[in-house]
Every structure is written in structure tokens, then in C-alpha cells.
Amino acid sequence: MNPLVQSLEKGLVVSCQALPGEPMYSENGGVMPLFATAAAQSGAIGIRANSVRDIKEIRAVVPLPVIGLLKREYDGYEPYITPALDDVEAVLYAGADIIAFDATDRIHPNDVSTPDLIAQIRKAHPTAVLMADISTYDEAVTAAKCGVDLVGTTLSGYTAASANSPVPNLELVRRLAADLSIPVIAEGNISTPDLAV
């Protein structure tokens, strides 16, 4: 197993993200690195960050692994978390250690399936560390078979296929952790210490 991935198995990865229109978003940047620094000082083992700017700014001040993503909407397509190869490359070149991307059964921009997107990424960047953001058990199994390094339950409860799932979906986390040979990240609405434990 990749040592970087192994380092994230036991601990808290803190999401340091804000989108335009949200209170912590700043047109000029500089806010998310402060959150990431506070998270690092409080014992976080990794940071999850959105956008090229925020990844670069966080990378410059925090020595923790950065799970990077790019939230981008494409007309006619539902996936928005690093949904296309160009987005993956932008995140990679921004300095992210791990690339998080939508690995649901939904079709990606340019009519690409998740297995095809993973194959494109692996062909272009064979050593990239990939985190599959999934919403269902079957999506996680497919992503693992296609060669991702870890999966996260990021999209459980947010897709049509998982609309009736609890958020966070701890049963899905338990099942995946028992059945997959790669690490599973419990992600999404973990907002209290009890849920984290």
C-alpha cells in the first residue's frame, strides 16, 4: 500500500473548503490556509481542499497530505467533483498529494464512464494517488477493481442511487472497510466528535 495512503488510515482529515457565496469564501484567497493551519495545529492528519488556488495556498503553509479536488459543473452532466481528466490534471499540478474525483455510476463530461475516466488518469499519470468519491457499495467495488488507491463515502446520500441513505452512512463505511482491500474514508457530515469516533 502507498505510504501516503497508509498515513491517512487512522485519524481525522479536515475539509477546508468554501465556494463563492459562502461566508468563508474570499475572492482574494488567504482564508482556507488559515483553516488548514488551525486543523494541522489541532492534530489533523490531512487536509481536503477545493480549487487550484486553495490547494496551492494550503500546500505552501501546511506540511500535511492534501486531498485535492476541483468542483466544476459541466452542462448536461451531474458529476462535479473533479469530473474530467483536465480537472484531475489541474489538481495534480496545483500540488495535491491525492486526487479526489467523482466515481459514481453517473456519466462524466465527454460521455466518459467512471472506469474509463480512471483508465484515462492512469494512462496519463500512472503514479497519481486516486481517491474515489462514491455514493454506493457497488460504485466503491467498481472503483477498487479499476485501481484506485482509496475510496470515500463523500457522495452517499447525494445521488439518485443513494437518495435514501443516511448521512453520514456509517453502515456503508463498515461494509466497505470489511470488504475492500484498500482504505475507506468516512466522509460527509461528520460534524461532532461522537460521529468522528
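Start at Arg-174. At 51% relative accessibility, Arg-174 counts as exposed, because the cut-off for exposed is over 50%. Keep in mind throughout that this model is predicted.

**Stop 1**

Is Ala-178 buried or exposed? Its relative accessibility is 63%, so Ala-178 counts as exposed. Ala-178 and Thr-136 are 42 residues apart along the chain, and their C-alpha atoms are separated by 15 Å.

**Stop 2**

Show the backbone here. The peptide bond from Val-167 to Pro-168 is cis, and its omega is near 0°.

**Stop 2: salt bridges**

How many salt bridges does the structure hold? There are eight.

Next, select Asp-133 and Arg-48. Their side chains meet in a salt bridge at 2.6 Å, N to O. Which strands do the partners come from? Asp-133 lies in strand 5 (residues 129–133), and Arg-48 lies in strand 2 (residues 46–50). The pair therefore ties together parts that are 85 residues apart in sequence.

Salt bridges with shared partners join Arg-48, Asp-133 and Glu-187 into one network.

Move to Asp-102 and Arg-106. Here too the side chains meet in a salt bridge, at 2.6 Å, N to O. Both Asp-102 and Arg-106 are buried.

**Stop 3: helix 3 against helix 4**

Colour helix 3 (residues 52–61) and helix 4 (residues 85–94). Their axes come within 8 Å and cross at roughly 20°. That makes helix 3 roughly parallel to helix 4, because angles under 35 degrees count that way. Helix 3 passes helix 4 in a right-handed crossing.

Which residues make the contact? From helix 3, show Val-52, Ile-55 and Lys-56. From helix 4, show Ala-90, Val-91 and Ala-94. By class, this contact of helix 3 with helix 4 has five nonpolar residues, no polar ones and one charged residue.

**Stop 4: helix 4 against helix 5**

Keep helix 4 and bring in helix 5 (residues 114–124). The axes of helix 4 and helix 5 come within 10 Å and cross at roughly 45°. That makes helix 4 oblique to helix 5. The crossing of this pair is right-handed.

Show the side chains at the contact. Helix 4 brings Leu-85, Val-88 and Glu-89. Helix 5 meets them with Leu-117, Gln-120, Ile-121 and Ala-124. By class, the contact of helix 4 with helix 5 has five nonpolar, one polar and one charged residues.

**Stop 5: two asparagines with positive phi**

Select Asn-110, in the loop between strand 4 (98–102) and helix 5. Its phi is near 65°, a positive value in a residue other than glycine. At 65% relative accessibility, Asn-110 counts as exposed.

Then jump to Asn-189. This one lies in the loop between strand 7 (184–185) and helix 8 (193–196). Asn-189 has a positive phi of about 60°, although it is not a glycine. At 42% relative accessibility, Asn-189 counts as partly exposed.

**Last stop: Val-5**

Finish in helix 1 (residues 3–6), where Val-5 lies. Relative accessibility is 2%, so Val-5 counts as buried. What is Val-5 in contact with, leaving aside its neighbours within four places in sequence? Select Val-129, Asp-149, Leu-150 and Pro-183. Val-5 and Met-131 are 126 residues apart along the chain, yet their C-alpha atoms are separated by 9.4 Å.

Terms used
Residues numbered from 1 in each chain as written. Predicted model: local features only at pLDDT ≥ 70, side-chain atom pairs only at ≥ 80, totals over all residues. Heavy atoms only, no water. Axes fitted to C-alpha atoms, helices over the stretch in contact; angles between N-to-C directions. Helix = DSSP H or I, 4+ residues; strand = E, 2+ residues; numbered from the N terminus. Parallel < 35°, antiparallel > 145°, perpendicular 65-115°, else oblique. Left-handed = near helix turned anticlockwise from the far one by under 90°. Contact = heavy atoms within 4.5 Å. Nonpolar A, V, L, I, M, F, W, Y, C, P; charged D, E, K, R; others polar. Salt bridge = Lys/Arg side-chain N within 4 Å of Asp/Glu carboxyl O. Buried < 20%, exposed > 50% of the residue type's maximum accessible area, 1.4 Å probe, protein only.
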